Amino acid sequence: MRILRPTLVAVFCCVAAQATDREFQDIVHAISEEFHTKPTHIPFFGLVNAVTFVARPAGTRHIDLAVFEDLDSNRRAGRDLPKAIREAVGNGWKPFVQVFSKRKGSEETTFLFMRVQGKNTKLLITAVERDQATVVQLLLDSEALERWMANPGSMAGRHEW
Amino acid sequence: MKIALIALLGIAPLLAQEIKLPASLERLSAKAVEQVDVTLDASMLQLASRFLSGKDADTVKVRKLVSGLKGIYVRSFEFEKAGEYSESDIEPLRAQLRGPGWSRIVGVRSHKTGDNADVFIRSDGNQISGLTIISAEPKELTIVHIDGVIDPDQLSDLGGQFGIPKLDVKPGKKGSTAGKEEE
């Protein structure tokens, strides 16, 4: 117990140090304002990040996740959401995939942004559908991810990342 | 006037190096029911190739091909009905591809289905330094631009990677220019 407590404190301090980026928060804010709602609360998500920080599954060092459910398109503010997302992200991120679908019943806006940060890579994914939206930001350890991509089958069975 | 002409001639080779997607394509975004935009510049390709570290033959081939590239750009528009875009929307792009250094190597016209496809290459000495594909179907328009040194024999390996549609390209005689008309 003497060892466990300081370890836990250290882990949570490390996780807290990986602060959520402004861009992630601004996108969440833009979606919240557009649909007049807030993201769904995910219980113990901080714990997930603590585990992720230690285990680094597939090279992931940190995860930020915001999920919006049961969005009501009739209550939309009517802003240009793709524009708001691009403005929130700014020039520091590069959108390498953008998908826009206006098909009735399956409207979708998806952005994949990437940014290199030292030896790590940050991936910011935003998917807004008719009745739900997801914003995910991943901090990826490039070397670990490379190893995982090179041999996903055997890496999945190991605990070394 | 003479100075302007000399200046124009001076920058012409530079203009030939860059393919700019015309503003008319941006306007299609408003009409399209589905739009896909993939932009991988040199730094993004470098990053992506870091993840292609597998040792299997296909991955090695793609990594080798990507190492010579400066950018991959894919724009795809899908429309609700035919006639939502016209040839004039693509014409500014085609005009660039008629510039120095570029040549059309494949042209397919189908009067039956209305599907048109053109493949253009930019030659730089003995090597291909750029490739553009325009696939124009009645309800779908796809433009693929690959900037950088490309080995035509390896071209089909890029199909299915980085948002590029699978390519059914069989290497033919080098230097031949193809133009095909279907019924």
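Three salt bridges are counted between chain B and chain A in this predicted model. One of them joins Asp41(B) to Lys94(A), with the closest N and O atoms 3.1 Å apart.

**Contact between chain B and chain A**

- Chain B puts 21 residues into the contact, and chain A puts in 19 residues.
- About 1700 Å² is buried between the two chains, and 52% of that area lies on carbon and sulfur atoms.
- Polar contacts link 12 residue pairs across the two chains, counting pairs with both residues at pLDDT 80 or more.
- On the side of chain B that touches chain A, the elements giving two or more residues are helix H2 (23-31), strand S1 (34-41) and helix H3 (42-50).
- S1(B) gives the most to that side, with eight residues.

**Make-up of chain B**

- Chain B has six helices and seven strands.
- Read from the N terminus, its elements follow the order α-α-β-α-α-β-α-β-β-β-β-α-β.
- Chain B has 183 residues, of which 40% count as buried.
- Among contacts in chain B with a separation of 6 or more, 63% are between residues 24 or more positions apart.

- Strand S3 (residues 102-110) and strand S4 (residues 116-124) of chain B pair in the antiparallel sense, over seven bridges.
- Trp102(B) stands opposite Arg122(B), a residue of S4(B).
- Five residues lie between the two strands of this hairpin.
- Gly114(B) is in the turn and has a positive phi of about 80°.

**Ser135(B)**

- Ser135(B) belongs to strand S5 of chain B, which covers residues 127-137.
- Ser135(B) and Asn116(B) are 19 residues apart in sequence, but their C-alpha atoms are 5.9 Å apart in space.
- With neighbours within four places in sequence left aside, Ser135(B) is in contact with Asn116(B), Ala117(B), Glu140(B), Leu141(B) and Thr142(B).

**Nonpolar cores**

- The largest nonpolar core holds 29 residues, and those touching the most other members are Phe96(A), Leu40(B), Ile72(B), Leu131(B), Ile146(B) and Ile150(B).
- Another core, of 20 residues, lies apart from the largest one; Phe35(A), Ala66(A), Phe68(A) and Ala133(A) are among its members.

How values were computed
Residues numbered from 1 in each chain as written. Chains lettered and ligands numbered in written order. Predicted model: local features only at pLDDT ≥ 70, side-chain atom pairs only at ≥ 80, totals over all residues. Heavy atoms only, no water. Pairing = 2+ DSSP bridges. Helix = DSSP H or I, 4+ residues; strand = E, 2+ residues; numbered from the N terminus. Contact = heavy atoms within 4.5 Å. Core = buried A, V, L, I, M, F, W, Y, C linked by side-chain atoms within 4.5 Å. Buried < 20%, exposed > 50% of the residue type's maximum accessible area, 1.4 Å probe, protein only. Buried area = accessible area lost by both parts, 1.4 Å probe. Salt bridge = Lys/Arg side-chain N within 4 Å of Asp/Glu carboxyl O. Polar contact = N/O pair within 3.5 Å; in protein donor to acceptor, adjacent residues only side chain to side chain.
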